[in-house]
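Hi there,

Here is the structure I promised to pass on to you. Please open it next to this email and follow along as you read.

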Amino acid sequence: VHRPGGRRQAPRHKARGPQPGARADAPRIVAFTVLRAVNGDGAYPNIELAHALRDGGLTGRDAAFTTELVNGTCRFQGTYDRILAAAAGRALGTLQPAVVDVLRLGTHQLLGMRIPLHAAVSATVDLARERVGERVTGLVNAVLRKVAGADLDAWVARLAASETEPLAALATRTHHPEWIVRAYADVLPADELEAALAANNEPATPTLVCRPGVTSLDDLLVLGAEPCEWSPFGARYAGVPSEVEDVRGARIGVQDEGSQLVALALARAVAVPGPWLDLCAGPGGKAALLHGLARERGESLVAAELAPHRARLIDRALAAYPPPHNVICADGTRPAWLPGTFAAVLADVPCTGLGALRRRPESRWRRDPGVLADLVVLQRALLRTALDAVCPGGVVAYATCSPHPAETTEVVDAVLAERENVRRLRTADVLPDVPGQTGDAVQLWPHRHGTDAMFLALFAVD
Ligand SMILES: C[S@@+](CC[C@H](N)C(=O)[O-])C[C@H]1O[C@@H](n2cnc3c(N)ncnc32)[C@H](O)[C@@H]1O
């Protein structure tokens, strides 16, 4: 079980104690800039970090250190904020937001990366001086010394001791908001719950995917990637995908195995000739795989996406394939096609993303359970459109990157209750080797399958 705490070496930019006027080091400045963009402007850390590392010219060990500083701080931010409030003896809302971000970075160095006290505190004080001002250095120094008075386990035990509800204490122990723990508890056996939550604290190894007809699994294996367990198109890659030329040229994609299995399952289930539709296709991971699989059978794929900037990303994902690329900007709830047009439709609907928490370190704290009600309305509308879009004999796949029952089985049950011409297909018939399929649908899990927690249900329309 991964937890913060592996000892890391701080970059050797300077080896000295606190000095008035000392300069902060480049990795911490970059990490601070990224964290400010994430917490101040709602930026995505992965995108912001990639730009900031490039702009700051950080590579190798410095890049790895900065990445861990940003991702670890984001992943455990909810826990760190509670620790900081206790250490500071005041609500964090009473502090300048930039100071809070400095303190969060210092806390992760002390509790998550176990950088020695003097190095973590002096470097963070230097950062505070340079980025916020001399006047806050005393406070940063004092709070971080209090934080360092206990290790992470001791802090978490102290916080959890005040929880009377077992699930609230589990949320504290596993660094999750309580509502997410409750959603997991609704769908998992009690003895798996802690392992499932702990898996979200384990950064995922990147998974590569070939582009059928352009590249093959062999092209991934020559890079040193390890074949995926169930997807014949994927391999896990311990390196940095963006440094691979074929990835930059879109001849190889980066895609979780769970997403590959969704596209594969639909392709295997298609029973009649005709074009295929990806209803919510941006940024285009599944669309690119489906495009390649459809093309091998002489069929075409239409990729629809509401957001123009995400539609442009689909174009980029399809770049290795010769035109035409049928990418359209369209609202999937207001079809731009006639009913019964397609032989296969994928509805990979917008969702809370609770199944991809290990890949998006900030998202568990940013997600608001209040969005669920609106999402469910949209998810049902999109599934209805998908069912209307297929011809008799056609197949629909409904997928979410969330295990929340409100977004998975409850959407499916509600929409199917309205229809008499729709049959559920067994996902196990098209993904026979994937374990843990009890009903008709499949729910993947990081702790069981090593994939994101994708949900997939398949339907045939008579
Ligand atoms: C879960 S993501 C799809 C991921 C994509 N299938 C892939 O594998 O790369 C859902 C997408 O649906 C888009 N979307 C949201 N509302 C939509 C609508 N009404 N019609 C079509 N697309 C929509 C979002 O912009 C987002 O890109």
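Before the tour, two notes on how to read it. This is a predicted model, in which local features need pLDDT of at least 70, side-chain atom pairs count only at pLDDT 80 or more, and totals for chains, interfaces and linings use all residues. Residues are numbered from 1 along each chain as its sequence is written, and side-chain values use heavy atoms, with hydrogens and water left out.

Let's begin with the ligand. It is surrounded by 18 residues, and the closest are E305, R310, D331, G332 and D348; a residue counts as near when one of its heavy atoms lies within 4 Å. This shell is made up of 9 nonpolar, 4 polar and 5 charged residues. Here Ala, Val, Leu, Ile, Met, Phe, Trp, Tyr, Cys and Pro count as nonpolar, Asp, Glu, Lys and Arg as charged, and the others, Gly among them, as polar.

A backbone N or O atom of G284 lies 3.1 Å from a ligand oxygen, while one of L306 lies 3.4 Å from a ligand nitrogen. For G332, a polar backbone atom is 2.7 Å from a nitrogen atom of the ligand. The protein covers 86% of the 600 Å² of accessible area that the ligand has on its own (Shrake-Rupley method, 1.4 Å probe).

Next, look for the open sheet, where 4 strands run in the order β2-β3-β1-β4 with antiparallel pairing. Strands are DSSP runs of E with at least two residues, helices are runs of H or I with at least four, and both are numbered from the N terminus. Two strands pair if DSSP finds at least two bridges between them. Strands β2 (226-227) and β4 (252-254) are at the edges with a single partner strand each, so one side of each has no neighbour in the sheet. Strand β1 (residues 207-210) pairs with β4 over 3 bridges, and L208 has V254 in β4 as its bridge partner.

Most residues other than glycine have a negative phi, and most peptide bonds are trans. The bond from G282 to P283 is cis, with omega near 5°, and P283 is in the loop between β5 (276-278) and α15 (285-296). Another cis peptide bond joins P323 and P324, with omega about 5°. H175 is not a glycine, yet has a positive phi of about 65°.

Enjoy exploring!

Definitions and conventions:
Polar contact = N/O pair within 3.5 Å; in protein donor to acceptor, adjacent residues only side chain to side chain.
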